[in-house]
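Work through the exercises below with the sequence and the structure in view. Each task is followed by a solution in steps.

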Amino acid sequence: GFKVAMPATRLTVVILTDDRSRGAFNVGIGVRGIPIEMTQLLLPAGHYEPQTNRAILGLHARANKLAEHLDLRRLVHEVTHQLTFNTGLLDRRGDVPRSIAEGFAEYGAVRKTARQIAPGNPHENLITLLRARRSRTPWYPVAQLLADDRPFLLDSFKRLQLLAYAQAWLLIHCLMNDRSRGEGFRAYLEAIRPRTDQEHRLDDAEKHLGDLDRVDNDILAYFVRLNMSA
């Protein structure tokens with residue numbers, strides 16, 4: 001298994017349900033000069049701050065079944081970020097590809113509130129991947145997801161950003177559950193832990209995960225098996 005330890009200190013989660021308060025609280029993360037009323041429209045509904053080690057969540061003020069589902073999924077996603085960066089799995093001060101960080105967070109995200117579902121089980125991301133295949137939207141190559149964080153950023157085209165998140169989930173799902181890849185994935189995570197820049201991203205991946213074109217093919221085959229069993 002993966003070597004992890006319980007966090008040494010209490011982890012902080014900030015929950016905001018008022019749009020103006022959320023905009024005021026988040027105004028310092030890169031949108032200075034924009035009116036508070038507009039800030040909420042430009043920020044993610046939730047995010048994890050490696051610098052402060054806080055999870056910041058903007059949840060719905062009015063509860064209904066859809067809002068509760070989205071809020072719980074968002075909460076678990078951001079808290080999973082906290083756990084991966086505070087248990088030794090990832091280093092929040094290091095260079096962690098967004099595909100790895102977001103893949104873990106999506107892997108832990110909750111799908112339904114009516115019953116317990118084990119982490120990693122198929123959910124909305126599987127639907128996103130199916131739609132992309134049916135519409136013949138090209139998937140991102142694994143090499144691009146590992147080397148380039150831009151597909152995950154807010155200014156990405158929304159549909160392709162969702163695809164990047166879904167592929168990150170599938171990547172982690174495959175590496176976590178395919179027994180033939182477990183040892184290589186553990187070695188890869190060990191290799192990236194001391195990294196502080198992006199210079200070695202592809203070198204680390206190819207050394208420990210193998211030929212990345214082969215990884216693409218294996219993940220597609222894994223997706224087909226996962227879809228058939230869903």
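The exercises go from the overall fold to single residues, and the model they use is a predicted one.

**Exercise 1. Overall layout**

Task: State how many helices and strands the protein chain has, and give their order.

Solution: 
- Step 1. The protein chain contains 10 helices and 3 strands.
- Step 2. Read from the N terminus, the elements follow the order β-α-α-β-β-α-α-α-α-α-α-α-α.
- Step 3. The protein chain has 230 residues, of which 43% count as buried.
- Step 4. Among contacts in the protein chain with a separation of 6 or more, 66% are between residues 24 or more positions apart.

**Exercise 2. The hairpin**

Task: Describe how β2 and β3 pair, and find the residue with a positive phi in their hairpin.

Solution: 
- Step 1. Strand β2 covers residues 46-49, and strand β3 covers residues 54-58.
- Step 2. The two strands run antiparallel and are joined by 4 bridges.
- Step 3. Opposite H47 stands I56 in β3.
- Step 4. The hairpin has 4 residues between the strands, and N53 takes a positive phi near 65°.
- Step 5. In β2, G46 and Y48 point one way while H47 and E49 point the other way; all of them are buried.

**Exercise 3. The two faces of α5**

Task: Which residues of α5 are buried, and which exposed residues does the face turned away from them carry?

Solution: 
- Step 1. The buried residues of α5 are N125, L126, L129, L130 and A132.
- Step 2. These residues lie on the same side of α5 because they cover an arc of only 160° around the axis.
- Step 3. The face turned away from the buried side carries the exposed residues R131 and R134.
- Step 4. The packing partners of the buried residues are α3 (65-86), α4 (98-108), α7 (158-177) and α10.
- Step 5. Just after α5, R136 takes a positive phi of about 60°.

**Exercise 4. The largest nonpolar core**

Task: Find which residues have the most contacts inside the largest nonpolar core, and which element gives the most to it.

Solution: 
- Step 1. The largest nonpolar core has 42 residues, and I100, L170, Y188 and L189 have the most contacts inside it.
- Step 2. The elements that give two or more residues to this core are α4, α5, α6, α7, α8, α9 (201-209) and α10.
- Step 3. α7 gives the most, with 11 residues.
- Step 4. Take I100 as a case: leaving aside neighbours within four places in sequence, I100 is in contact with L90, L146, L171, I172, Y188 and L189.

**Exercise 5. Aromatic pairs**

Solution: 
- Step 1. The whole structure has 5 aromatic pairs.
- Step 2. F185 and Y188 are separated by about one helical turn because they are 3 residues apart in helix α8 (residues 182-192).
- Step 3. F185 and Y188 are buried, and together with F104 they form one aromatic cluster.

Notes. Residues numbered from 1 in each chain as written. Predicted model: local features only at pLDDT ≥ 70, side-chain atom pairs only at ≥ 80, totals over all residues. Heavy atoms only, no water. Phe/Tyr/Trp six-rings, centres within 6.5 Å; stacked < 30°, edge-to-face > 60°. Buried < 20%, exposed > 50% of the residue type's maximum accessible area, 1.4 Å probe, protein only. Pairing = 2+ DSSP bridges. Arc of directions from axis to C-beta. Contact = heavy atoms within 4.5 Å. Core = buried A, V, L, I, M, F, W, Y, C linked by side-chain atoms within 4.5 Å.
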